[in-house]
Amino acid sequence: MAGGYAWLLAAPAAFLALFFAWPLVRVVWRGFTDPVLGLGNYARVFGDGPYLRVMLNTIETAATVTALCLLVAYPVAYVMAKTRGRWLQIMAALVLIPLWTSVVIRSYAWMVVFQRRGVLNDLLLATGLVDAPVSFLPGALGVHVGMVHIMLPFMVLPLLSSMRAIDGTLLRAAEVLGASPTKVFWRVFLPLSLPGLNAGVALVFMTSLGFFVTPALLGGPQHMMAAVLIEQQANTYLNWGMASALSSTLLVVTLAIYVVYLRVSGGAADAALVR
Amino acid sequence: MTPRGDALARAMRVLLPCFTVLVLLYLTLPSILIVLMSLSDQTYLTFPPPGWSLRWYRTMTEDTSWPQAALNSFVVGVPAAALSVVLGTQAALALTRGRLRFAAIASACIVAPMLLPHVIMAIGLYPVMLDLGLLRSYTAAILAHAVVALPLVFIIVSASLRGYGESLELAAMVCGAGPCATFRHITFPMIRMSMAVGGLLAFATSFDELMLSLFLTGPGTRTLPRLIWEQMNAYLTPTIAAVATLVLVLSLVLLGAAALLQRGRIEGSAP
């Protein structure tokens with residue numbers, strides 16, 4: 001019987017081979033062969049110049065966003081895990097709604113907040129904290145605030161599902177045995193929430209590496225990220241060899257994180273990421 | 001928690017809910033801003049708007065490119081979601097019921113398109129679609145969006161299949177039902193809600209996808225996110241806010257539908 005089910009894999013496998021694996025092979029191949037065969041593109045990616053700086057900035061930004069998301073999402077998920085009934089539903093809806101709002105549009109909203117005559121400057125001027133409008137754009141602040149806003153639900157949801165699965169009797173047992181609430185948290189609750197934490201960190205880090213809209217709109221040339229650079233190389237400069245080499249580099253970084261995550265979580269990818 | 005506890009724990013019981021309220025405000029703030037700005041009577045984006053009007057909604061309907069792009073988004077999104085549901089469900093059935101030796105690796109490969117940066121796939125799919133003569137066609141965008149949306153269906157349907165176990169299917173087969181009859185009468189009724197939720201999420205993914213559309217669609221087939229993106233780089237007017245508000249409303253309707261379906265799934269699962 002099980003053999004019959006295996007045949008069902010044929011169509012999805014063929015589809016993904018043609019429209020997922022084959023394009024990736026083409027990208028890697030092109031990075032080495034366009035315009036001429038060799039390591040020329042990679043010499044430029046890793047040599048002096050803006051390319052390596054952009055790649056490092058991409059990793060740094062993704063790491064910062066992941067850390068900020070974790071710091072903000074953990075307490076929120078904790079409160080949600082302790083809440084029941086109507087309030088939980090309201091909080092869950094408020095976390096989910098931004099997830100369903102277009103990423104392009106949300107970055108646009110942050111532009112309105114951070115621009116020279118924007119909401120934040122109005123607020124700062126009105127309260128007398130500054131005398132003249134502060135120029136936030138382009139800048140790291142906007143990129144971080146905008147990216148954390150987009151990634152936060154992806155951190156809250158795995159954490160929440162992990163925390164809700166924690167057996168309350170374990171916490172009570174620790175308490176009865178004399179552990180202080182702080183100790184119960186660090187020694188019992190936190191370790192039991194690690195699967196959700198791992199899934200959230202992997203999901204947010206990998207997605208952050210490929211961010212395009214937010215850094216393009218709010219970051220400017222000083223805070224350029226890999227996806228912006230790759231799009232520019234291909235669409236503006238028609239330098240597909242360079243775009244492919246940069247894509248391959250980004251691919252290797254992302255896959256490395258994916259493999260580490262799969263090892264750490266020790267399960268099938270789909271089960272590990274279920275939210 | 002018992003009333004006894006250290007000072008830190010007591011402080012946390014007050015601080016954490018306050019912090020949560022602030023974070024939830026942060027999450028909802030941009031959506032509220034967009035809706036308010038779409039009702040502005042000014043050409044320049046200011047907040048709060050000096051006066052209110054619906055002129056930007058009128059501008060949006062008068063410019064034919066917005067309705068065309070919205071239509072394109074549906075022409076791409078619906079088939080892409082359908083394709084994801086068919087292929088994603090097949091993959092889920094094969095890997096949860098098939099007892100394959102390389103199931104863990106296979107599932108990692110099926111989930112990967114969702115996690116890899118879309119720009120890499122866009123750079124790779126562009127020449128592939130060019131070779132196939134599909135560049136700038138609806139088909140190119142449909143196929144590309146199905147690749148990135150398929151993992152969502154796969155994850156959701158797999159979870160549902162694991163939740164139900166296979167005893168009912170085995171019982172049907174023991175009683176003489178063939179594979180097709182078993183799927184139609186046993187498996188499909190169990191997982192159809194998950195398939196529907198997966199399909200909705202797949203549609204939402206396609207509806208919000210920018211990077212693949214940027215590379216694979218043309219002026220006649222460009223989707224809504226691409227048009228918003230192009231307009232945003234040209235001029236910032238409240239028309240974009242009006243479009244965004246309508247997209248938000250549509251998303252909330254879809255979210256509500258998904259929530260209702262999921263509730264149905266949970267109630268339906270009770271024997």
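# Chat notes: contacts in a two-chain model

Me: What do the side chains of Glu166(B) and Arg99(B) form where they meet?
Reply: They form a salt bridge, with an N to O distance of 3.0 Å. The two residues are 67 apart in chain B, so the pair links distant parts of the chain. Glu166(B) sits in the loop between helix 6 (138-164) and helix 7 (167-174), and Arg99(B) is in the loop between helix 3 (65-97) and helix 4 (103-115). Keep in mind that this is a predicted model.

Me: Is Arg99(B) buried or exposed?
Reply: Exposed, because its relative accessibility is 60% and the cut-off for that class is over 50%.

Me: How many salt bridges are there over all chains?
Reply: A search of the whole structure gives 6.

Me: Which residue does Asp131(B) form a salt bridge with?
Reply: Arg26(A), with the closest N and O atoms 3.0 Å apart. That pair crosses between chains: Asp131(B) belongs to helix 5 (residues 118-131) of chain B, and Arg26(A) to helix 2 (residues 10-33) of chain A. Asp131(B) is exposed, at a relative accessible area of 56%.

Me: And Arg226(B) with Glu230(B), how far is N to O there?
Reply: 2.7 Å, in a salt bridge between the two side chains. Both are in helix 10 (residues 224-234) of chain B, 4 residues apart, which means about one helical turn separates them. In an α-helix there are 3.6 residues a turn, so residues three or four places apart point the same way.

Me: New topic, rings. How many aromatic pairs over all chains?
Reply: The count is 16. One of them is Phe212(A) with Trp229(B), a tilted pair at 5.1 Å centre to centre and 55° between the planes.

Me: Where do Phe212(A) and Trp229(B) lie?
Reply: Phe212(A) is in the loop between helix 11 and helix 12 (213-219) of chain A, and Trp229(B) is in helix 10 of chain B, so the pair joins two chains. Phe212(A) counts as buried at 7% relative accessibility, and Trp229(B) is buried as well, with a relative accessible area of 8%.

Me: Which residues do ring pairs link into a cluster?
Reply: Tyr74(A), Tyr78(A), Phe185(A), Trp186(A) and Phe189(A). Gly168(A) is part of helix 9 (residues 168-176) of chain A and counts as partly exposed at 27% relative accessibility.

Me: How many disulfides over all chains?
Reply: The count is 0.

Me: What about the largest nonpolar core, which residues touch the most other members?
Reply: Leu152(A) and Phe215(B), out of 172 residues in that core. Helix 4 (residues 50-82) of chain A supplies the largest share, 15 residues.

Me: What is Phe215(B) in contact with, leaving aside neighbours within four places in sequence?
Reply: From chain A, Glu231(A), Ala234(A), Asn235(A) and Trp240(A). From chain B, Ala122(B), Ile123(B), Tyr126(B) and Leu135(B).

Me: Back to helix 11 of chain A. What span should it have, and how far apart are its end C-alpha atoms?
Reply: Helix 11 of chain A has 16 residues (194-209) and should span 22 Å at 1.5 Å a residue. Its end C-alpha atoms are 22 Å apart, so the two agree. Its buried residues include Gly196(A), Leu197(A), Leu203(A), Phe205(A) and Met206(A).

Me: Last one, where does Ala259(B) lie?
Reply: In helix 11 (residues 238-269) of chain B. Ala259(B) counts as partly exposed at 41% relative accessibility. Its C-alpha is 8.5 Å from that of Val197(B), which is 62 residues away along the chain.

Methods: Residues numbered from 1 in each chain as written. Chains lettered and ligands numbered in written order. Predicted model: local features only at pLDDT ≥ 70, side-chain atom pairs only at ≥ 80, totals over all residues. Heavy atoms only, no water. Expected span 1.5 Å × (residues − 1). Buried < 20%, exposed > 50% of the residue type's maximum accessible area, 1.4 Å probe, protein only. Salt bridge = Lys/Arg side-chain N within 4 Å of Asp/Glu carboxyl O. Phe/Tyr/Trp six-rings, centres within 6.5 Å; stacked < 30°, edge-to-face > 60°. Disulfide = S-S within 2.5 Å. Core = buried A, V, L, I, M, F, W, Y, C linked by side-chain atoms within 4.5 Å. Contact = heavy atoms within 4.5 Å.
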